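User: Before we look at this model, I would like to go through the labels attached to it and ask on what grounds each one is given. Please set every value against its definition before you conclude.

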Amino acid sequence: MKRFRRHGQESQRDRLKQELFQFSKTVEHGFPHQPSALGFSPSLQLLAIGTRSGAIKLYGAPGVEFMGLHEENAAVTQVHFLPHQVELVTLLDDNSLHMWTLRAHKGLSELLEIGRFTLTGPPGAPPSVTRVTAVLAHSSGELLLLGTEGGHVFVVEVPGFRELEERNISLDQVSSSVPDDYIGRRNLEHVEALQENPVNPNQVVIGYGRGLMVIWDLETQRAVQHIPATQQLESVWWTEDGSHILSSHSDGSYCRWSVGGEDSKDEEEKSDIPYGHFPCKAISKIVQLPTANGPPFLVFSGGMPRASYGDRHCISVIHSKTHVALDFTSRIIDFFVIRDGPQHTGDPSALVVLVEEELVVIDLQTEGWPVIQTPYLVPLHSSAITCSHHVSSIPLKLWERVIAAGELQLTHYSKKPWPITGGQNLAPDPPQRDLLLTGHEDGTVRFWDASGVCLYPMYKLSTAGVFHTDTDPNDNMNQGTEGEWPPFRKVGCFDPYSDDPRLGIQKIHLCKYSGYLIVAGTAGQILVLELNDEEAEQTVEAKVVDLLQGQEGFRWKGHTRLDVREEPVLFPPGFQPFALVQCQPPAVVTALTLHSEWKLVAFGTSHGFGLYDYQQKNNVFVKCTLNPSDQLAMEGPLSRVKSIKKSLRQSFRRIRRSRVSNSFPVGCNDALQEANARLEAELAEMELAPVQRKIEARSSDDSFTGLVRTLYFADTFLSDSSHNTPSLWAGTNGGSVFAYMLRLPPVEHRTDEPITAHPAKEIQLMHRAPVVGIVVLDGHGAPLPEPLEVAHDLSRSPDMQGSHHLLVVSEEQFKVFTLPKVSAKMKLKLTAIDGSRVRRVGVAWFGSSRSEDYGESGLVVLTNQGDVHVVSLPSVKMQVQYPCIRREDVSGIASCVFTKHGQGFYLISPSEFERFSLSTRCLVEPRCLVELPAHSASPTQHRPQPDGSSQLQSCFVSSAVLQEIQKSLEVDQT
Amino acid sequence: MNKNHRVPSNRSLSAVEVKSKFGAEFRRFSLDRSKPGRFDEFYGLLQHVHRIPNVELLVGYADVHGDLLPINNDDNYHKAISTASPLLRLFLQRKEEADHLAFGTDSLTRKKNTVLSAVLLRPDPNRKKPPVIISLPKDFRPVSSIIDVDILPETHRRVRLYKHGQEKPLGFYIRDGSSVRVTPQGLEKVPGIFISRMVPGGLAESTGLLAVNDEVLEVNGIEVAGKSLDQVTDMMIANSHNLIITVKPANQRNNIVRSGGGGGGAASGSSGRSSDSGASYYGYSSPGGIGAAASTPSHIIQNFHPEELESDEDDEDLVIEAGGEAELIPCAPSASYSMPSLPRYEPHLNLRTAAAASTSSISINANGTLPTSASSGSLGNITSTTPSPDRAMERRSLEEDGTVITL
């Protein structure tokens, strides 16, 4: 950077830079990767999710979200809100406890870690003594009970984490009073569960792994009652009236025990294995909640017959005669039930289930228990994301039509509003409507409202219907056969299995003015779609385009073309395909662009590129860019797949061999030592033969030089400086740029006269680096507007008087050429200076934070080092540089997409987008406030379970929230 | 000089106007551009028009850039005819009087006029010692050079590899490693980049200036400290047409030892003692001996700026217009008077000596020892490994380039 400073020493420019650019990561969209714990505060109406990487995320009403990260890189195993407080406690895998709070600062709340604590046992005690297995946040809000692996219960005062040794409940105290006839009395095992008596906060039940439950009086420090269950204990639930305790066990049974007087002989009232007869899996959690007038709701997870349905992830809900086993597509982490009423003590209204890949909320008050659409935490990866495309400032008309099309897809969702309503969203309304489109492996394109903090799903387009695939289009969710037992019902939308990888979407381009959409996929298919508000039955005309143009010696070993349905297909309202181009060979489409004004689509693969006229449904021309000596591109992707397979096989063989050599009988220690020695030897070997890199200039013989990386339409001066003509530009992996002059017939003959294209120029960059971007700059040095932009927005017409310039962005350099005679004018070398290469490039407009009317266009660049740069236009000078993505995060870097206003998105996990901003003016970040509930209620009436709901709790949420709740209640009634 | 650029005549473009000068005499005639004929015919023609049938001649012409270039075979004769626009100016000399060093591109840009005029007006009678003609200097081009000897620590070597227009691969590999530095806190192990392998027959090997286990300190003036192996790889490839690497040779025996503190002009002389005695070699076999590092300045001064390198016409892009004729993109207008064939590198005194006297790249070794044998002697067995296993890696690195990732 030093060298740029030398030029731009003028402090004025530096000040301007500060007014234009600033980098911040603003919000994470999507579903947290690898969630590991769930917590809920009924009083705050906030949901907390902990992840395996140590993140803690809080969500309330849409737009209200907080995020924190534990310094330790350990998984969050439990999250508990302190009842009626804004604090929450997290337990990490490394046995540390952390206290977090929501602190208001300048009218906005922040999530802060305010304390940490690790239990210390007596000296010399094994670590299991203090290994925390169960946490109870006592309803007093002052005590934390920690059950450990050693069977002890430690009592800690919060929020300061002060150990109250005198109140600890040691295993000895408990086991001395265990009845002699209890089988497992010699080893009660760890503390599995801790629950508070909902009507008497002095009583807690301690559930031991072996099965025994002990009701303990905190005041008198003695056991009140013993419940001698003999099956391995999984969870405990104290019913709301305090009269019964439910226990669930590892054999798939649950038992109901009555809590009698202090001296009454306890009796197992009822034991049940719901999916019984054959061995069942454990019921990991059980909850029972009463209704005002009717039988209670019983909700439990697991318990499936081991042999036949042991692989299902189910939560069963039983209410009166209704019994449903909700069948999720991924592992269940935890669940809780939200209850109605201003004090959240009424009937159960919604069941919130966190599974490994999504959050599912079931409306328990609507017939059929439909799913409520989540406004956030949506699994972006319900099918793996293969590409993304961002469109800024969508016109209202298109926006409404997309929403209308999307609403028709939501008919099987509940009409209920989102039940989690905590906090106030104070962020201003987004200044514009932005769309993020994600392409997926299963051939779908999802439309997301990316205007604000919540990435809200708007509409889903499926392209699979155009083709014959193995799937049955009617193979949908919710097709349980009558009388099936267990009564399964598929819920959730996470479905990572693609039936045909060829359907995968690789490139998307949407014209926001005309509503034309093109999507291109893995098998060389390019679909042209049009937004239609009515459903329509139509045949999609397919056009096969041979990109090889008779190139000799070609063997395509990759996949075959997709089979197109020849009969008319019924397309629902929304984007409907009307034209299809299929490249031959059917290689993945690597570049795509659309000019909706000229009604032309340009597409490219590793073999060449073509221009398609979707008005006349005719291919205009094809250019083969393949280098005949390029064997890899010639043969297609299969050979590489083979080599991966081969290396996999080899590595497996290696593992097996090492296991065999390791299998002679030696002591555990010896084996360990031996393994260590071998590891060391391997490391030493690695040092001996380190990774090396070949230093060689690129040549035309390199692989994939013909791969088309970028395509660009421009109305510019290609042949002479007085007449501008339509043109198509293509850039390849081998550093070539091809320019074609296009001749469009006059509008009145657009349908019958052919479009012609003539090769006009070809530039071979000497450094032969892949061309990743082409932009034509107008006479003012501003990038040419998008097609139809001028027609819709008169203020933005390009300067056609001054001379145009061509900007070619390769992975190594930014180079400006004059037009129409191509001669180098300016350049900025990136790779030669700092060794980084351009991975993603976009044109963005940056508004000044100081003055409303000043702004400038710039190039936003992401390098393979994960840095983002802004490069000025047209002078191609480096402006700012910020580290953004870890350089090792190759998929994150590859997934990055820039907006037209200096923001960007990239995947931080398969399911989460990180949003960042380079602009001082355009910033989308959560701004929200969570207020302390006022504290006034007799402590005896507190319901302690953070994951249950309160019986009678007095929490005063802010009036706005109350109003919102009331409003939602009114909606319910109508 | 201006006469060179006068307006093209309206006459038929197929004719080339020739103005030939021998001594003080001029002859004018024309040749058919499309049918120039062979060189020996042309040679005979010249002897004929100047009426010097038995005089051995050295034929030179002024090319478009004003350089004096020789005509001594069919190829450069045809080149001269085809580039003449429209006038072809010839300068004839008696072979025994000829000043061979006047030819060549490098010298002319420096002092075009003086050289030309020297040839034209003052055929110096004193310089009548007929040199032993091995070949003409223009038949050579620099392959490599050691530069900045005057400003670098003795333990470092800055090597320039001229890849320009060569078919020969650069031919070396780099790897991660660690080197020992002397810091105020004591010895410190720091990561570094090292040359790991030489491709036999490659440019790097043939120069003898680089060797396996040499530590790479800079690439084209930019320090590589703190950069990853991939970054340094990309930097080198991006600069591959004109690669300048500063290394700390693993073998410190062949260092240039300067006599005085000033350095400067004596740099390329062999004034120093022979370092074979081991005086400057501390016996550390690990890359990066401590003694060498002790004198490493924190920031290495360099005689050239990246800017300067950028103005090199090293990467002229090729533009093919619709007509189908290829032309090199004229780079920055300022560059039009610099030599098209050889990147200018003026500030380095020893480069010029090298270029002028460049009979071979090896000749510039200051100690007079042959670096090829010296540096590769102990490491020869490593360099001779076959290149085949690396081909796969090269492929892989290309795939990594993100072309296949289409997210």
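User: Which residues is B:S20 in contact with, leaving aside its neighbours within four places in sequence?

Analyst: B:S20 is in contact (heavy atoms within 4.5 Å) with B:E25, B:F26, B:R27, B:F29, B:L46, B:H50, B:L90 and B:L92, its neighbours within four places in sequence being left aside. This is a predicted model, in which local features need pLDDT of at least 70 and side-chain atom pairs count only at pLDDT 80 or more, while totals for chains, interfaces and linings use all residues. Residues are numbered from 1 along each chain as its sequence is written, chains are lettered from A and ligands numbered from 1 in the order in which they are written, and side-chain values use heavy atoms, with hydrogens and water left out.

User: Why is B:S20 called buried?

Analyst: The term buried applies under 20% relative accessible area, exposed applies over 50%, and partly exposed lies in between, with a 1.4 Å probe and protein chains only. The relative accessible area of B:S20 is 0%, and therefore B:S20 counts as buried. B:S20 is found in strand β1 (residues 15–22) of chain B, where strands (E, at least two residues) and helices (H or I, at least four) are DSSP runs numbered from the N terminus.

User: What makes the pair B:S20 and B:H50 a polar contact?

Analyst: The two side chains are joined at 2.7 Å, and a polar contact is a pair of N or O atoms within 3.5 Å, where within protein one atom must be able to donate a hydrogen and the other to accept it, and residues adjacent in sequence count only if both atoms are side-chain atoms. The value for B:S20 and B:H50 therefore falls within the limit.

User: Why are the buried residues of α2(B) said to line one face of the helix?

Analyst: In helix α2 (residues 74–83) of chain B, the residues B:N76, B:Y77, B:A80 and B:I81 are buried. Seen down the axis of α2(B), these buried residues fall within an arc of 140 degrees (the arc of the directions from the helix axis to the C-beta atoms), so they line one face. As background, an α-helix has 3.6 residues a turn, so residues three or four places apart point the same way. The buried residues of α2(B) pack against β1, β2 (25–32), α1 (39–49), β3 (57–62), β4 (68–71) and β5 (87–94) of chain B. At the start of α2(B), a side-chain oxygen of B:N73 comes to within 3.1 Å of the backbone nitrogen of B:D75.

User: Where does UniProt place "domain: PB1" in chain B, and what does the domain assignment of chain B give?

Analyst: UniProt lists residues 15–95 of chain B for "domain: PB1", in an unreviewed entry; its positions are in the numbering used here, feature names are shortened, and annotations may be inferred rather than shown by experiment. That span is 26% helix and 42% strand, with its end C-alpha atoms 29 Å apart. The domain assignment, whose bounds come from an automatic or database source, gives domain 1 (15–94) and domain 2 (144–254) of chain B, and the C-alpha centres of these two domains lie 45 Å apart.
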